[in-house]
Amino acid sequence: MKRDPSTVLVHVVFVAAFFGLWEFASSNEWLNRTFFGSPSGIVRYLIKGFAPGGKLWLELGYTVAGTVISFVLGAVMAIALGLSFAVFPRLERAMDPYLTVLNAMPRLALAPLFLLWFGLGIGSKIAVGTSLSFFIVLANTVAGIRGVSGDLITLSRSLGATPMQIFFKVTLPSAVPVIASGLRLGLIFSMLGVIGAEIIAAEHGLGQTLSYLQSTFDMDGVMALLFLLALLGMVVTTGMTRLERALLRWQ
Amino acid sequence: MGAIDIFRLSVRFGPTVLAVDDFTLNIEKGEFVSIVGPSGCGKTTVLNLLTGLVPLEQGDISILGKVPVVGNPDIAYMLARDSLLPWRTTIENACYGTEVRGVARSERVARARALLAKVGLDGFEDAYPKALSHGMRQRCALARTFSLDSPIMLMDEPFGALDAQTKLQLEDLLLSLWQAEKRTVVFITHDIAEAVALSDRVIVMSARPGRIVADVRIALPRPRSVRALQKDHDFHECYSQVWSELERGIAASGGEPAR
């Protein structure tokens, strides 16, 4: 995608004006630094945090590791279960009410329980993240499998395709785009779950850091963390979109 | 023994709806037979019974002496919509049928390539279906169907969704492919001109319950050119004959033109 240079310029001017005004307002005490921080303070916090000896790398590492692990766990289990539903429709009918109840429950509310079970380490945040990514990926896998064109099945059956052939040659590839968009959501949900769990209680992680900075009224730090999280979210979504496009050239 | 023998076939949907009633039809090997009739007359149902996709309940069907069975290798089925797999390229789609039926890789690719050239899709082997027009997609579906070596071809309104010009082109293409091998074809359509131009025999069905009201032999000489036929006097004679049979059938079944 090509960007119009004049549009880029407008954005640069707008962002510069926004931060300039913020800095100006806070240095003149029009904005209370205790509540709003200041751009220069945010930059100082980030530089210190990411400089050798700073602790942000470690915290970022915990959050990213937690997100990736809970995404992979949740996605693998969800796709496996969703695909087995395609092969054994009776399993789906049997499990449906329980899955509906579990899915209706706000998963973040499980965090206190998971903290008790898995402790303050990485285990509890992985549990929360996984519980979130699992259901969104499962829902998309099931929807993808249901969306298979009846014509393609009819044609394949008339050709004498076995159920296995139909599954691998028709059902699975036609479900891939819907599963892929489920995976993108799943990754975002994993991050959400991990950070949420960290905010509630953890030894490490950006969420834990955020909660600590908030309780000590370090607003520069809080703002810095919010920007960091937004950036992380963006990296995650763009990465997934790129991957999706590469995998689904036929669309 | 003919290619297809249908004897006193009746189909019910549920306890009340009689879809096809007392349908008897014998088709010789190498014959091109079209079945025309108003929508809802059970044309497609008859085809689905021949493929075994719908179970036979009343009557007898014999396909080359055997009962219908799903996946019968003697049958190549072509659907109304192209049914191309969107994640496969043209050549991969043309290979799909032979792939499912276990033809060796080099053999099926060679057949698909040759047929794609015949249907005028050479140069588009690596295109995905989204990049093809409706007519091109149906050409690819034709290549897929003809690359199977089944002696019987069942076609369910394959050109129904195409514009008039493209339709004529594809009808000529189908005739040229068929002329070379003379396989048995059962062709379902609601377009009488199409049925007359392509077929050796046109079977006219009434509205529901579907019965055969006429079996018209089309004596036009072969090989035919569908485009040349458009201005042919004999062609229009046959056309009006089939048309009046169809009208008679509709009137006899209660005057419902189409459902």
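Predicted model: local features only at pLDDT ≥ 70, side-chain atom pairs only at ≥ 80, totals over all residues.
## A tour of helix contacts

Start by selecting helix H4 (residues 56-87) and helix H10 (residues 206-215) of chain A: they pack at an angle of about 130 degrees, with their axes 7 Å apart. Helices here are DSSP runs (H or I, at least four residues), numbered from the N terminus. Axes are lines fitted to C-alpha atoms over the stretch in contact, and angles run from 0 to 180 degrees between N-to-C directions.

Residues are numbered from 1 along each chain as its sequence is written, and chains are lettered from A and ligands numbered from 1 in the order in which they are written.

Now show the side chains: Glu59(A), Leu60(A) and Thr63(A) of H4(A) meet Leu206(A), Gly207(A) and Thr209(A) of H10(A) (contact means C-beta atoms, placed from the backbone, within 7 Å).

Next, select helix H6 (residues 111-118) and helix H7 (residues 122-146) of chain A, which pack at about 140 degrees with axes 8 Å apart. On the H6(A) side, look for Ala111(A), Phe114(A), Leu115(A) and Phe118(A); on the H7(A) side, find Gly123(A), Ser124(A), Ala127(A) and Val128(A).

Finally, bring in chain B: the contact takes 14 residues from chain A and 17 residues from chain B. On chain A, H8(A) gives the largest share of the side touching chain B, seven residues.

Note on methods. Helix = DSSP H or I, 4+ residues; strand = E, 2+ residues; numbered from the N terminus. Contact = placed C-beta atoms within 7 Å.
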